[in-house]
Amino acid sequence: GYQTRQNAINAVTNYKPIDKPLNFAETSPAEIYGSNVFSDKVMKNMLPKDVYKSLMATKKSGEAIDSSIAGPVAAAMKEWALAKGATHYTHVFYPLTGLTAEKHDGFLAPDGEGGAIAEFDAKLLIQGEPDASSFPSGGLRATFEARGYTAWDVTNPAYILENPNGTFLCIPTAFISWKGHALDKKTPLLRANQAINKSATRFLGLFGTDNGEMVVSNAGPEQEYFLLDRNFYFARPDLMVCGRTLFGAKPAKGQELDDHYFGAIPRRVLAYMLEVERELYKLGVPVKTRHNEVAPGQFEIAPIFEQANLATDHNQMVMTILKSVAKKYGMACLLHEKPFANINGSGKHLNYSLSTPSQGSLYSPGDTPHENMQFLTLTAATIRAVEKYGKLLRAVVASAGNDHRLGANEAPPAILSIFLGGELAEIFNQIELGDLKGTKAKGMLRVGVDTLPPLPMDSGDRNRTSPFAFTGNRFEFRAVGSNQSIAGAQVALNTMLSESLDYVCDEIEKLTKGKKAKLNEACQKVIQGIMKKHGHVIFNGDGYADAWQKEAKKRGLPNLKTTADALPVLMDKDVIEMFEKYSVLSKDELHSRCEIYHEQYNQIILTESLMCAKVAKTIILPAAIRYQGELADTAASIKAAGIEPRTTLLQDITDKLRDLQESIVALEKLMEKDNFKSVEAEAVYKTKKVLPAMLAVREIVDALEGVVADDLWPLPSYQEMLFIK
Ligand code: ADP
Ligand code: MG
């Protein structure tokens with residue numbers, strides 16, 4: 001412990017800036033931003049006019065790709081990449097592990113005459129074939145075929161990754177089985193984007209605001225992470241292997257003082273952040289905001305929102321770069337949802353909206369009654385979706401890591417409710433009560449039939465405890481884990497909302513058919529119906545309070561506390577029906593996902609439990625025994641000197657050592673079971689039996705940390721890890 005601490009302190013005190021930091025006097029924003037991206041601008045310059053136009057049509061309006069353009073695009077891409085110094089190209093894809101996967105191929109190809117050329121053509125651009133057998137498929141490939149392939153995602157740009165160890169071209173791709181089954185995170189997202197475009201366009205058509213534009217879903221993910229000195233990281237096998245500490249007593253000073261939040265950023269961290277930003281600027285990731293977070297050692301980086309598919313790729317890049325740059329600065333970046341017990345965990349707030357180029361966010365309350373009716377109806381459809389499929393939203397963020405946030409005493413709770421803010425909630429209440437002319441102070445908020453005035457929104461009224469909160473012109477889904485891909489949440493949101501918008505359209509059309517009712521009246525009627533049936537999902541109070549748990553139960557809102565509770569939702573009849581109806585995920589695909597996510601959960605808990613037992617046995621126990629020996633020796637010497645020693649401490653250590661050994665044996669006994677009838681049953685067992693047994697070991701270890709001599713304690717403490725930076 002001592003040497004590690006000294007090394008870490010030296011690393012902090014001797015820290016010198018590594019590179020010259022980015023400055024905009026020498027490198028203009030225009031020069032650096034997107035400089036490693038095969039961007040629209042680059043393509044415009046390099047591609048034949050008709051090819052460029054055809055590609056843009058596919059990107060902007062979702063038209064099917066004209067396959068004849070792949071040849072010229074590949075040629076331009078190759079020329080550009082080689083000029084940038086690339087030697088290899090890689091199809092980048094996003095398997096269900098949530099990670100980013102790459103398969104590298106060299107541009108170099110022998111010419112058959114002893115020489116070589118740089119080779120890259122349409123075929124190599126459009127399709128790649130990674131060795132898919134090592135990626136989880138949940139039985140899909142076994143059932144249908146043996147291989148999968150990667151398919152060029154035309155909608156996101158290719159880019160160059162340059163680093164001191166080599167430079168290569170990256171091509172974003174979807175990962176699909178030969179029968180067309182999705183094996184990745186991107187494929188369903190592309191499908192869900194199509195679904196929401198279709199349903200939202202129909203919806204806008206009712207209001208006469210469908211201008212022939214695409215409706216896109218947007219995402220602005222706020223990424224939280226922890227940083228700690230690398231010396232500590234390597235001295236904590238639990239952190240290295242599991243990404244979280246399995247042991248560690250609560251520090252004397254935690255986050256109670258809140259003095260870290262928005263405080264000055266430590267200089268090494270500041271340099272690190274700037275380097276992260278420099279790398280991300282080059283890749284065209286519009287990172288904008290950086291600050292300290294609530295917990296000591298915790299930080300956040302947020303980009304400007306982008307269309308969902310691009311934002312998802314970009315968030316994967318953000319996670320990769322956060323981790324790789326940390327090494328360079330002598331630190332480790334932790335993306336785990338709960339690296340430290342009793343200290344705030346890390347999430348990813350997913351800011352979500354739908355927009356069209358001319359209308360902007362469809363969640364922006366407008367300036368005219370007409371716009372406002374569209375906004376209110378869309379919001380009502382969202383309320384309906386979150387109530388109807390709240391359990392699905394919970395399921396898509398289920399993971400071993402995220403369980404330590406959701407369902408534990410932390411933000412946000414596992415109960416999916418919606419926060420609307422006082423003003424907006426009031427309007428919906430009025431509509432529900434049929435009091436459509438209800439007025440509030442000074443003519444504000446008059447929800448008259450044809451006289452909806454501008455809605456003043458109290459977006460400043462921020463509820464921090466709600467998992468799904470309206471924040472002025474978007475919803476913020478706060479239950480996503482820091483380590484998770486944001487794709488799953490967006491796939492769910494887009495599909496749920498497609499279903500809800502179609503419901504709303506059906507109802508409105510029924511009411512307005514043959515001019516029976518005016519559009520406004522019809523909308524109000526539909527909203528009223530939605531509020532009656534689904535309005536109980538709205539909750540503007542404190543989501544952390546115990547009272548809410550009881551209240552939510554009364555309202556019949558599900559409270560799926562653990563991954564084992566939540567994942568089976570993927571196989572619920574209504575969920576399957578919805579995904580199939582919108583051709584986002586088939587029953588087989590859902591089944592394979594359900595299977596894989598369970599396996600992942602089980603694997604993580606298995607690894608954690610092995611690590612827990614091992615560290616307790618081989619690191620903690622020996623240290624405590626040494627201290628016990630020291631105390632016993634001292635007691636013997638004192639006694640030999642004729643003084644009666646006080647042995648309470650020795651007794652205490654001895655008791656704790658016995659408890660520790662017993663708890664380890666109990667854990668190992670539980671870990672022996674391996675005959676489960678399903679992955680689901682195994683997950684339940686691990687949640688209910690193994691995790692509590694691990695916690696029991698931890699409790700004793702943490703108590704020992706409070707009594708064993710500091711110079712004998714082998715693991716860096718929370719105090720050290722969180723505060724030396
Ligand atoms: P806060 O911490 O107050 O929530 P941040 O600035 O950290 O705000 O993050 C807000 C995120 O929401 C940013 O990524 C921002 O680009 C994004 N955002 C803003 N407007 C929209 C919108 N209409 N749709 C989606 N995301 C949005
Ligand atoms: Mg924020």
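Strand 14 pairs with strand 15 (residues 360-361) in the antiparallel sense, over two bridges. Strands here are DSSP runs of E of at least two residues, helices are runs of H or I of at least four, and both are numbered from the N terminus. Two strands count as paired if DSSP finds at least two bridges between them. The link between strand 14 and strand 15 is a hairpin of three residues, and Ser 355 stands opposite Ser 361 in strand 15.

Before I go on, this is a predicted model: local features need pLDDT of at least 70, side-chain atom pairs count only at pLDDT 80 or more, and totals for chains, interfaces and linings use all residues. Residues are numbered from 1 along each chain as its sequence is written, and chains are lettered from A and ligands numbered from 1 in the order in which they are written.

Back to strand 14. Strand 9 joins strand 14 through eight bridges, running antiparallel, with Leu 350 as the bridge partner of Pro 221. Strand 18 (residues 475-481) is also antiparallel to strand 14, over five bridges; there Tyr 352 has Phe 475 as its partner.

Is strand 14 buried or exposed? Of its 10 residues, 10 are buried, meaning that 20 or more other C-beta atoms, placed from the backbone, lie within 10 Å of the residue's own. One side carries Gly 347, His 349, Asn 351, Ser 353 and Ser 355, and the other Lys 348, Leu 350, Tyr 352, Leu 354 and Thr 356.

Next, ligand 1. Strand 9 (216-229), strand 11 (298-303) and strand 14 (347-356) each give at least two residues to its shell. There are 14 residues around ligand 1, and those that come nearest are Gly 220, Phe 305, Asn 351, Ser 353 and Arg 474. Near means a C-beta atom, placed from the backbone, within 6 Å. By class, the shell has five nonpolar, seven polar and two charged residues. Nonpolar covers Ala, Val, Leu, Ile, Met, Phe, Trp, Tyr, Cys and Pro; charged covers Asp, Glu, Lys and Arg; the others, Gly among them, are polar.

Last, the helices. Helix 22 (residues 648-671) has buried residues Ile 653, Leu 660, Ser 663, Ile 664 and Leu 667. The buried residues of helix 22 pack against helix 21 (587-640) and helix 23, with contact taken as C-beta atoms, placed from the backbone, within 7 Å. Helix 23 bends by about 40° at Lys 686, the angle between axes fitted to the seven residues ending there and the seven starting there.

How values were computed: A residue is buried if 20 or more other C-beta atoms lie within 10 Å of its own, exposed if 12 or fewer, and partly exposed in between; C-beta atoms are placed from the backbone. Two residues are in contact if their C-beta atoms, placed from the backbone, lie within 7 Å.
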